[in-house]
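Colleague: Before I rely on any of the labels attached to this chain, I would like to hear how each was reached.

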Amino acid sequence: EASGISERLPQVGQLILGDGGQVIFEPISYTVNGSQYQKYRVARIIDPYGLTTTISYDTVGQDDNGNAIYRMSRITEPGGRYLLLTYTTPDTTLIGGVEAHTADGNVTQSVTYTYGYASATNGVYLALMSATYNDGTVAQYTYQNDNSGKNGSPKIPLLQTCDDVRYPGPMHRIQYLFVQGDRIRGKIKSELKPGSAEAVSTLTF
């Protein structure tokens with residue numbers, strides 16, 4: 001355990017958090033060119049009181065080496081309520097929506113995600129454009145160029161504006177201004193009121 005870091009890995013597949021909770025990973029065997037390897041996926045999250053949230057997966061196909069392809073399908077909390085994840089197409093890992101269910105299977109809330117392409121210096125990138133909630137309200141997002149001047153920066157678009165009525169804080173509509181040409185990608189300079197130059201917060205470095 002390093003100084004200032006409270007999480008630790010006492011053994012492979014077990015992460016102990018600072019509050020005493022745990023994240024348990026399960027091993028998945030796979031083969032590449034005849035050689036066998038292992039990777040890990042999240043299986044359970046145990047809170048400090050021993051209550052367990054379980055992560056379930058579906059098998060959606062095979063890769064070129066015949067290994068099963070998995071994707072997360074359900075997250076079940078200790079009382080039996082669960083989130084059901086749906087995907088944009090049967091064979092993709094892009095989440096298309098989430099439904100919240102009671103323990104006996106009734107849907108209480110849902111959200112559907114819409115994706116589109118955001119332009120950037122090195123081309124266009126798939127990005128989340130909107131989230132539509134079951135009450136008809138919609139969250140919307142826009143993007144801007146990568147701010148970093150570092151040669152190794154991926155030049156992937158950064159978030160520009162958010163407009164989300166479900167956000168619990170005071171700034172459900174917000175715009176981000178990043179430090180241009182900085183070596184740190186995503187270094188925020190100011191948070192603005194969308195459509196204006198009025199800053200609601202500014203960071204000084």
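Modeller: The model is predicted, with local features requiring pLDDT of at least 70, side-chain atom pairs counting only at pLDDT 80 or more, and totals for chains, interfaces and linings using all residues. Residues are numbered from 1 along each chain as its sequence is written, and side-chain values use heavy atoms, with hydrogens and water left out.

Colleague: What makes glutamate 26 and arginine 41 a salt bridge?

Modeller: The term requires a side-chain nitrogen of Lys or Arg within 4 Å of a carboxyl oxygen of Asp or Glu, and in this pair the closest N and O atoms are 2.6 Å apart. The pair links distant parts of the chain, glutamate 26 being in strand E3 (residues 22–32) and arginine 41 in strand E4 (residues 35–46), 15 residues apart; strands here are DSSP runs of at least two residues, numbered from the N terminus.

Colleague: What ties together the loop between E12 and E13 and the loop between E10 and E11?

Modeller: The side chains of arginine 166 and aspartate 135 meet in a salt bridge at 3.4 Å, N to O. Arginine 166 lies in the former loop and aspartate 135 in the latter, so the pair ties together parts that are 31 residues apart in sequence.

Colleague: How do you know that E7 and E8 pair?

Modeller: Two strands pair if DSSP finds at least two bridges between them, and strand E7 (residues 82–87) is joined to E8 in the antiparallel sense over six bridges. Strand E9 (residues 107–120) runs antiparallel to E8 and is joined to it by five bridges.

Colleague: Why is E8 described as largely enclosed?

Modeller: Five of the seven residues of strand E8 (residues 95–101) are buried, so the rest of the structure largely encloses this strand.

Colleague: What makes up the largest nonpolar core?

Modeller: Such a core is a set of buried Ala, Val, Leu, Ile, Met, Phe, Trp, Tyr and Cys residues joined through side-chain atoms within 4.5 Å. The largest has 13 residues, and those with the most contacts inside it include Val111, Ala131 and Tyr176. E13 gives the most to this core, with three residues.

Key: Buried means under 20% relative accessible area, exposed over 50%, partly exposed in between (1.4 Å probe, protein chains only). Helices (H or I, at least four residues) and strands (E, at least two) are DSSP runs, numbered from the N terminus.
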